[in-house]
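Me: Please take a close look at a single part of this model. I would like one connected answer, with cut-offs stated.

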Amino acid sequence: MTSDPIDYARLDEGRECNYWELDRTLQFEARRVYPDDEFEWAEALLSAFGERLGHEMADTADRIDEAGHELRSFDKYGDRLNEVEYHPSMRDQERIAYEEFRITHDAFHAPPGRESPVGLCHPLTMQALLSYVDIGFCCPVSMTTGVAIVLDRFDDGRLDEYFDGLTAATLDDHIEGAMFLTEEQGGSDVGANEVRAEPTDEAGVYELHGEKWFCSNIDAEGALALARTPDAPDGVAGLSLFLVPRTKPDGEVNDSHFRRLKDKLGTLSVPTGEIEFQGAAAYLVGEEGRGFKYMSEMMNYERLTNAMGAVGVMGRALLEAKVRAAQREAFGNPIDKYPLMRRDLVGMAVDYEAAAAFSFEAVRLLDERERAGDDSAAYKLLRLFVPVAKYRTARMSVETTSYAMEVLGGNGYVREHTTERLLRDAQVLPIWEGPSNVLGLDVLRALNRENAHEALLPYVEEKLDGVDHPALESAVETVESRYGELQDALGTLATEDEAFAQYHAKRLADLVFDVVTGALLLEEAQWGIDTAQDGRKALVARRFVETRFGDASYGIAADERFGMADEQFTAVVKYGSVEPATLLDGMAPAE
């Protein structure tokens, strides 16, 4: 199977195009992780979505970002409104996402052409594509799905009206979700939350009192909030989960005060603000005292959204950089003809492939766990991979978008050019859903409480054992060696004190990401050679292994020329095919 390289010079910039058709990495990973029948159904829909994003939604997102939204807490008579006045084009974005492409519907109800819903691979892939144009809008889209997941799993049916609204396929019936966790005194220490829930005479109905400090999608009708019931114990064990809408069933505005919207650096399309609950009507989800467990289900989904959002923004940033490098001439040639720019674009492309491979693998595990339950090996891996994916891809997205801005030069720093917004938006990704230190500690918890290493070790070994092409032999040996070092690190942390383990938690997360991603890319490379008769993924895998694990001494090696040759550059950056037989000759050196 061969494919023609993409001619990025035909584009003026990264719009007026089909993002799905241009992103063969996304296509590859989605085809890999979707169940076969679901991908066959979804492929045309994903392509159509990529078309609408590139030809319409990208421009609209820029206009919304420039204009922003406005909070109206009261009307002119002093009556409470708690309304956000959105840019008029926001309704168009919502109609396309929620109604035309059913982004929050199809995982819960059978879509047209199917007899049953699709798995969670589908909405997460759609969200990666959506993040090509707007991570901010992806936030309420994701939280709407996340709330629906929680209600579907833990509600006893009393909140079906809200579930139906969250998953509706018509915009007039649709409501959005949100997740109100953060309080000023607590932050990531959710156990320090103080918002109170006082029971009323009506079973399951409470009144909330207290403040939530960071409420994205502040005006959601399907918001979930953690609060402490009377006499509940301290810490997370005393937290219960409530659905607290903006309006009551009778249409009256709920008893809350939307104090202000945050003046954020980016993600301006999603309004984030502060709420003071003043006896707001709230509906208990599940049982008292189990709120943190319930919310963790949504948190897993949101952290994967964060990773897939990072993939989307990296893909868009890389596209903008490729187009500009193919078009911009300096000293008589397009700048992508020069060795240093080629090296940089290859590095960005390999980073993107790595982020996509790991993130999609975590998505596959989430989907498998949804089908198999918590006792599966997939669950143990999922508990480990989710915080690692969120942590690493978030940082990678900031680096990639920053360098894409540099490729565009001074224009990249100007609002009219998308890279400026991409960087502002990407900077929230290391912060949303837990900063890197919190994620590092979650990696330790996955190992200590879930024994995730019991699933990790055979997982890596199985992938490496399946790679046998001679052109990949050296890379496999390198990953196997580093895999041994990861095992040693796990053993060391198991025998040392807790403070030592915390000190090295992020380093451990780095090791897990690099080893697993190396094994994944090598497995993909073997598949490409065997099934597609294409060695492109082999170049990507070898370059990833060399740059992450290479033993070259500090300095400049005489044989380090990867990506300078047209064949290598075209394969990695422009998705050109590679004849597998050439992987063993001088065309595609490992170093």
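Does Thr25 count as buried or exposed, and at what relative accessibility?

Reply: This is a predicted model, in which local features need pLDDT of at least 70, side-chain atom pairs count only at pLDDT 80 or more, and totals for chains, interfaces and linings use all residues. Residues are numbered from 1 along each chain as its sequence is written, and side-chain values use heavy atoms, with hydrogens and water left out.

Thr25 counts as buried because its relative accessibility is 1%; buried means under 20% relative accessible area, exposed over 50% and partly exposed in between, with a 1.4 Å probe and protein chains only. Thr25 sits in helix α2, residues 24-33. Helices are DSSP runs of H or I with at least four residues, numbered from the N terminus. Beyond its neighbours within four places in sequence, Thr25 is in contact with Tyr352, Glu353, Ala356 and Tyr575, where contact means heavy atoms within 4.5 Å.

Helix α2 is also one of the elements against which the buried residues of α17 pack; the others are α9 (339-372), α14 (473-495), α16 (505-531) and α18 (566-574). In α17, 11 of the 14 residues are buried, among them Arg536, Leu539, Phe544 and Phe549. The end C-alpha atoms of α17 (residues 536-549) are 20 Å apart, which agrees with the 20 Å that its 14 residues should span at 1.5 Å a residue. The expected span is 1.5 Å times one less than the number of residues.

Methods:
Helices (H or I, at least four residues) and strands (E, at least two) are DSSP runs, numbered from the N terminus.
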